[in-house]
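Please examine the sequence and the three-dimensional structure shown below. The briefing that follows them is arranged by topic and may be read alongside the display.

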Amino acid sequence: MNRILGIVLRVGVLLSGGVIAIGAALFVANHSLDDTSAYLQYNPGLIPHGNFPVSLASISSGLLSLNPFSIIALGFLVLLATPIVRVALSLFLFAAEKDRMFVYLTATVLAILLFSMLATPLIPLFNG
Amino acid sequence: MIVILFFLTLFIASIAAGALGSIVGIGGGLIVIPILTLFLGVDIHYAIGASIVSIIATSSGAAAAYVKDRITNLRIGMFLETATTTGAIIGAAIAAYLSATILEAIFGTILIISLVPLVRKIGEEYPTKQELKGLAKKLNLQGDYVERDGRKIEYNATNPGKGLAGMLVAGLISGLLGIGSGTFKVLSMDLAMKLPMKVSTTTSNFMIGVTAAASAGIYFARGDVNPLITAPVALGILIGASIGTHFLVRAKNTAVRKIFALVLAASAIELIIRALGF
């Protein structure tokens, strides 16, 4: 089980690194001499603040046209999934060890994690 | 600046940040944020978004590199993570009502003060073995790891309540200031819970990734995670974290603590400079 956890982490990290590297290579191949200011504009009045894809819909449509920024965003989402998968797999690890106390503790961490990922973006209080 | 130069600068800085972060158990924002804001002229919001990317990449990158040498204590990490994630959510919720400047000044001062007990035990290779009692016994907060020369190092955690309180504060700071607060996590495990230094930094490494993942969704949806910055930071950090981990498993606890003390002093200075408005 510990080994599975290690393998899953390694695959997640290599996959995300690979996807991000492809996106970065595609972007640099076509825009290496562009000025960065066009891509680094921050609009405090608008949500999202930048002009790159942040919703799942815009990322997936960008992937179809091989948009480098969509590919990088996908790689980031894979990276973001690794710590969550790590906690989720630990839950099974503790369950296999019949360590009931730690199954509860890990389930609590996982619940807080999922709550803050899924629910907090919808709560106005958290949107500064 | 042209894209290719921006990429290379950030990539190289991120390798250094990933190596340092994976050794001392912090996320690398310490290096990535000032490089972006001061040197590359990037908006602070994008810099904080990049710091979230760097924290997760350091945490997962280091973990993926350790498969063979298990130093991280998953039990202690998970136990403490309940407090950190709770603190982070509370912090994010009340951030709008508190002054970041005052918080940075307070946190910077706490870090400077904590240098005193840290320096006092700077030469300590292994903590004297604690008696496993109370909550620590109930939760079996102990462990062992094997040094490269084959010696098995066994340890027991003490003061789990103090550790938990320290982590609640660490989580609050993460939520309030958008920083990883790995320094505070390592301090809590090293000074309060008396774990071997390498156990403290690797366990902090596990924890910072989980805490950052909790808030990453908000930053991403807001559009603070800029792909032009994400790519060189993530790639550089993943490579750096792998290099740092190879160093860490061979390093002495005293060496790790010395590097940590320097990083702690640098973070404190950075926070106080930020609070003073430079």
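The points below describe the chains, their contact and several individual residues.

The structure is a predicted model. In chain A, the secondary structure consists of 4 helices and 0 strands. Chain A is in contact with chain B through 52 residues of chain A and 55 residues of chain B.

**Chain A as a whole**

- Followed along the sequence, the elements of chain A give the pattern α-α-α-α.
- The radius of gyration of chain A is 19 Å, whereas a compact globule of 128 residues would have a value near 14 Å.
- The C-alpha trace of chain A extends over about 55 × 35 × 20 Å along its principal axes.
- Of the 128 residues in chain A, 33% count as buried.
- When contacts in chain A between residues at least 6 apart in sequence are considered, 55% of them join residues at least 24 apart.

**A residue of chain A**

- A:Ile7 belongs to helix α1 of chain A, which covers residues 2-31.
- Is A:Ile7 buried or exposed? A:Ile7 counts as exposed because it has 12 C-beta neighbours inside 10 Å, and a residue with 12 or fewer is placed in that class.
- A:Ile7 and A:Met117 are 110 residues apart along the chain, and their C-alpha atoms are separated by 25 Å.

- Two packed helices are described by the angle between their axes and the distance between the axes.
- In chain B, the axes of helix α1 (residues 3-24) and helix α11 (residues 253-276) come within 9 Å and cross at roughly 115°.
- The crossing of α1(B) and α11(B) is left-handed.
- On the α1(B) side, the contact is made by B:Leu20, B:Ile23 and B:Val24, and on the α11(B) side by B:Val256, B:Ile259, B:Phe260 and B:Val263.
- The residues of this contact between α1(B) and α11(B) are 7 nonpolar, with no polar and no charged ones.

**Residues with positive phi in chain B**

- Most residues other than glycine have a negative phi.
- B:Asn140 is a residue other than glycine with a positive phi, near 55°.
- B:Asn140 is located in the loop of chain B between α6 (134-138) and β1 (142-146). It counts as partly exposed because 16 C-beta neighbours lie inside 10 Å.
- B:Lys194, likewise a residue other than glycine, has a positive phi near 55°.
- The place of B:Lys194 is the loop of chain B between α8 (182-192) and α9 (197-222).
- Why does B:Lys194 count as buried? The reason is that B:Lys194 has 20 C-beta neighbours inside 10 Å, and a residue is buried if 20 or more lie within that distance.

**A pair of isoleucines in chain B**

- B:Ile112 is part of helix α5 of chain B, residues 100-120.
- With 16 other C-beta atoms within 10 Å, B:Ile112 is partly exposed.
- B:Ile112 and B:Ile269 are 157 residues apart in sequence, and the distance in space from C-alpha to C-alpha is 8.3 Å.

Note on methods
Residues are numbered from 1 along each chain as its sequence is written. Chains are lettered from A and ligands numbered from 1 in the order in which they are written. This is a predicted model: local features need pLDDT of at least 70, side-chain atom pairs count only at pLDDT 80 or more; totals for chains, interfaces and linings use all residues. Helices (H or I, at least four residues) and strands (E, at least two) are DSSP runs, numbered from the N terminus. The radius of gyration is taken over C-alpha atoms; the globule rule is 2.2 Å times the number of residues to the power 0.38. Two residues are in contact if their C-beta atoms, placed from the backbone, lie within 7 Å. Axes are lines fitted to C-alpha atoms, for helices over the stretch in contact, and angles run from 0 to 180 degrees between N-to-C directions. A crossing is left-handed if the near helix is turned anticlockwise from the far one by less than a right angle, and right-handed if clockwise. Ala, Val, Leu, Ile, Met, Phe, Trp, Tyr, Cys and Pro count as nonpolar, Asp, Glu, Lys and Arg as charged, and the others, Gly among them, as polar.
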